Amino acid sequence: QRLSAGNRLEAVKAAEGSDFFEAVRSTTAWTLYSNPQVWPLFGYEGSSLEHGGYLERGFDDIGWLPKD
C-alpha cells in the first residue's frame with residue numbers, strides 16, 4: 001500500500017530519533033560525504049581544512065540558494 005506524501009512525512013517524523021532512523025541517517029551522511037564522485041550533485045566541495053577553512057573558500061557560492 002502506498003502512503004500519501006503527508007502520511008509518509010508523518011511516518012518519517014514518528015521514526016525520527018529512533019535507533020533505526022539514526023543508523024540510517026548517519027550511514028547515509030557518511031556514505032555521501034566520503035564519496036567524492038557524488039559531491040558535485042549536492043554542492044559539497046570537500047574538506048576546507050587544508051585550504052584555510054570555509055570562510056575563505058566561498059562557503060556561500062552555492063548557485064541553488066535563493067538570493068536575498
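Me: What is the mean pLDDT of the protein?
Reply: This is a predicted model. Of its residues, 85% reach a pLDDT of 70 or more. The mean pLDDT of the protein is 85.

Me: Which element has the highest mean pLDDT, and which the lowest?
Reply: Helix α2 covers residues 19–33 and has the highest mean, 94. The lowest, at 88, belongs to α3. In the order asked, the names are α2 and α3.

Me: What pattern does the protein follow along the sequence?
Reply: The protein has zero strands. Its helices number three. Read along the sequence, the pattern is α-α-α.

Me: How many aromatic pairs does the structure hold, and what class is the pair of Y33 and Y44?
Reply: The structure holds four aromatic pairs. In the pair of Y33 and Y44, the ring centres are 4.7 Å apart and the planes stand at 85 degrees. Planes over 60 degrees apart count as edge-to-face, so the Y33 and Y44 pair is edge-to-face.

Me: How many residues apart in sequence are the parts that Y33 and Y44 tie together?
Reply: Y33 lies in helix α2. Y44 lies in the segment after α3. The pair therefore ties together parts whose separation in sequence is 11 residues.

Me: What class is the pair of W39 and Y44?
Reply: The ring centres of W39 and Y44 are 4.9 Å apart. Their planes stand at 85 degrees, so this pair is edge-to-face.

Me: Is W39 buried or exposed?
Reply: The relative accessible area of W39 is 19%. The cut-off for buried is under 20%. W39 is therefore buried.

Me: Which residues form the aromatic cluster?
Reply: Y33 is partly exposed, at a relative accessible area of 44%. Y44 is also partly exposed, at 23%. Both belong to one aromatic cluster, formed by Y33, W39, F42 and Y44.

Me: Is G63 buried or exposed?
Reply: G63 sits in the segment after α3 (39–42). Its relative accessible area is 69%. Exposed means over 50%, so G63 is exposed.

Me: What separates the C-alpha atoms of G63 and G43?
Reply: Along the chain, G63 and G43 are 20 residues apart. Their C-alpha atoms are separated by 8.6 Å.

Notes:
Residues numbered from 1 in each chain as written. Predicted model: local features only at pLDDT ≥ 70, side-chain atom pairs only at ≥ 80, totals over all residues. Heavy atoms only, no water. Helix = DSSP H or I, 4+ residues; strand = E, 2+ residues; numbered from the N terminus. Buried < 20%, exposed > 50% of the residue type's maximum accessible area, 1.4 Å probe, protein only. pLDDT = per-residue confidence, 0-100. Phe/Tyr/Trp six-rings, centres within 6.5 Å; stacked < 30°, edge-to-face > 60°.
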